[in-house]
Amino acid sequence: MELGYSLFAALQAAKENFCFFGLLSMKALILVGGFGTRLRPLTLSVPKPLVDFANKPMILHQIEALKAIGVTEVVLAINYQPEVMLNFLKDFEKKLDIRITCSQETEPLGTAGPLALARDKLIDNSGEPFFVLNSDVISEYPLKEMIEFHKSHGGEASIMVTKVDEPSKYGVVVMDGTTGKVEKFVEKPKIFVGNKINAGIYLLNPSVLDRIELKPTSIEKEVFPKIAAEKKLYAMVLPGFWMDIGQPKDYITGLRLYLDSLRKKSSSKLVRGSHIIGNVLVDESAVIGEGCLIGPDVAIGPGCEIEPGVRLSNCTVMRGVRIKKHACISSSIIGWHSTVGRWARIENMTILGEDVHIADEVYSNGGVVLPHKEIKSSILKPEIVM
């Protein structure tokens, strides 16, 4: 009898900690969306969630964080190139031992409609809550803490919020500072009502799906305000950094924040040396020549060749890129398999698409260059090179 009771108690404890130990399944939906126009020309080669960020596809940062707290299935809500996404993620599905499926929209459904479309994939008999993430968001993903928060308040939905310096640019979440209960949302307030905004990470009870119709709907403007009015919506302030990296300027800022977080949490992943300044991430297969000065806030991807005398700062150099001798690159993104010529200077948010070749001694001041181009003359002011 005592043994039976002990077993029952152990099972109850296991259920309480279902997601931390992965004993019961938990699901997540990632809002992938459409064409990724703000990150062109990179998204002309791959869907936005597969664009590299800190040497791995953006979406993989989220999938790994979800797997780490026991999520067993991730649904990608997508309306653009689902087969490309799934083919690419097949390897990671096996490696991470997590199920990845797609829910494809035939028309854009906003930020809530995709949940209704994926209803059958998200609901099972467990009655457990599920995560919803915006695919553009990069953070430390404190998902375990969010589960604890959600269980503690007993409401219907939890949202993550982050503090910003200029709340008038955003929709502000007005909440109780002690309990986290959300009182209301104020869109781009003219007077100060708070400094916390929606961070694009949610934990929702299955009952939230009963509130959403299969039509274009905004979860932020239509669904959450109704739950808040019923006093069932709670907000948790996100610890650590946060950035929506859906456009180049924010991508570069996000890289700085991410590398700073990496230094604090697992600094062994960053490189050190007399040629390194600040936080620098280099894939082990990349080759760096003598006399280079690299950093701060640089990511160098697999198979890259950085020739002697190169200067890199505040930039991403993606897989298979070759930077020739004495080139200087700052505040820019160099797309896959591109080449930057000797003594070239690339700066001011220049974005090179895949397989772009910059000739020797060329200067680019904010050029946005589409894939498979050869640039032989300087780009003196920010412009798109078709």
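Predicted model: local features only at pLDDT ≥ 70, side-chain atom pairs only at ≥ 80, totals over all residues.
Let us begin with Ile159, which stands opposite Ala235 in strand S12.

Strand S8, residues 157–163, is joined to S12 by 5 bridges, and the two strands run parallel. S12 itself spans residues 233–237 and is mostly covered, with 4 of its 5 residues buried.

I turn now to a second pairing. Strand S6, residues 130–134, pairs with strand S11, residues 196–204, in the antiparallel sense, and 4 bridges connect them. Within this pairing, Phe131 has Leu203 in S11 as its opposite residue. How enclosed is S6 by the rest of the structure? Of its 5 residues, 4 are buried, so S6 is largely enclosed.

Two packed helices are described by the angle between their axes and the distance between the axes. For helix H3, residues 58–68, and helix H4, residues 82–96, the angle is about 30 degrees and the axes lie 12 Å apart. Angles under 35 degrees count as roughly parallel, and H3 and H4 are therefore roughly parallel to each other. The crossing of H3 past H4 is right-handed.

Which residues of H3 and H4 meet? On the H3 side they are Ile59, Leu60, Ile63, Glu64 and Lys67, and on the H4 side Met85, Leu89, Phe92 and Leu96. Sorted by class, this contact of H3 with H4 comprises 7 nonpolar and 2 charged residues, with no polar ones.

To close, S8 and S12 are parallel, S6 and S11 are antiparallel, and H3 and H4 pack with their axes 12 Å apart.

Definitions and conventions: Residues numbered from 1 in each chain as written. Heavy atoms only, no water. Axes fitted to C-alpha atoms, helices over the stretch in contact; angles between N-to-C directions. Parallel < 35°, antiparallel > 145°, perpendicular 65-115°, else oblique. Left-handed = near helix turned anticlockwise from the far one by under 90°. Contact = heavy atoms within 4.5 Å. Nonpolar A, V, L, I, M, F, W, Y, C, P; charged D, E, K, R; others polar. Buried < 20%, exposed > 50% of the residue type's maximum accessible area, 1.4 Å probe, protein only. Pairing = 2+ DSSP bridges.
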